[in-house]
Amino acid sequence: MENMQEIAAKPARELPSCPVETTLMLISDKWKVLILRDLLPGTKRFSELKKSIGNVSQKVLTAQLRQMEQSGLVRRTVYAEVPPRVEYSLTELGYSLKPVMDALWNWGAAYQAKNS
């Protein structure tokens with residue numbers, strides 16, 4: 001199976017024919033969904049993301065953010081300051097996943113309520 005970086009970089013003509021598979025290809029990793037969740041309210045620095053997401057290594061978070069940047073979901077902004085400041089935000093395409101994230105939230109909340 002191809003890694004996510006190779007898949008995310010594919011031109012549209014090489015995307016899966018199934019739209020659900022395409023969506024999952026872009027956000028199927030647990031960390032990517034949590035990154036989306038934490039960037040929906042607004043821009044965050046790397047350290048803020050790492051803290052809000054929880055038990056993710058710096059290496060994995062960096063890789064996930066790079067993949068999401070390559071797929072056009074996340075924007076990385078570097079400020080020429082000392083020390084350098086890097087911020088992450090969702091692109092318009094990233095924000096377009098809000099209804100998907102809302103549906104996941106609502107389903108999860110209903111499941112929790114039913115099973116608690």
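Contact here means heavy atoms within 4.5 Å. The model is predicted.

By this criterion, helix α3 meets helix α4 through two sets of residues. From α3 come W31, L34, I35, R37, D38 and L39. From α4 come L49, S52 and I53. Sorted by class, this contact has six nonpolar residues, one polar residue and two charged residues.

The geometry of the pair was examined next. Helix α3 spans residues 30–39, and helix α4 spans residues 46–53. Their axes come within 10 Å. The axes cross at roughly 115 degrees. Angles of 65 to 115 degrees count as roughly perpendicular. The two helices, α3 and α4, are therefore roughly perpendicular to each other. The crossing in which α3 passes α4 is right-handed.

The strands were then considered. Three strands make up an open sheet. Their order is β1-β3-β2, with antiparallel pairing. Strands β1 (44–45) and β2 (74–79) are the edge strands, each pairing on one side only. Strand β3 covers residues 85–90. Two bridges join β1 and β3, in the antiparallel sense. Within this part of the model, R45 stands opposite E87 of β3.

Helix α3 also packs on the sheet. The helix touches β1, β2 and β3. The direction of α3 makes about 95 degrees with that of β3.

Methods. Residues numbered from 1 in each chain as written. Predicted model: local features only at pLDDT ≥ 70, side-chain atom pairs only at ≥ 80, totals over all residues. Heavy atoms only, no water. Axes fitted to C-alpha atoms, helices over the stretch in contact; angles between N-to-C directions. Helix = DSSP H or I, 4+ residues; strand = E, 2+ residues; numbered from the N terminus. Parallel < 35°, antiparallel > 145°, perpendicular 65-115°, else oblique. Left-handed = near helix turned anticlockwise from the far one by under 90°. Nonpolar A, V, L, I, M, F, W, Y, C, P; charged D, E, K, R; others polar. Pairing = 2+ DSSP bridges.
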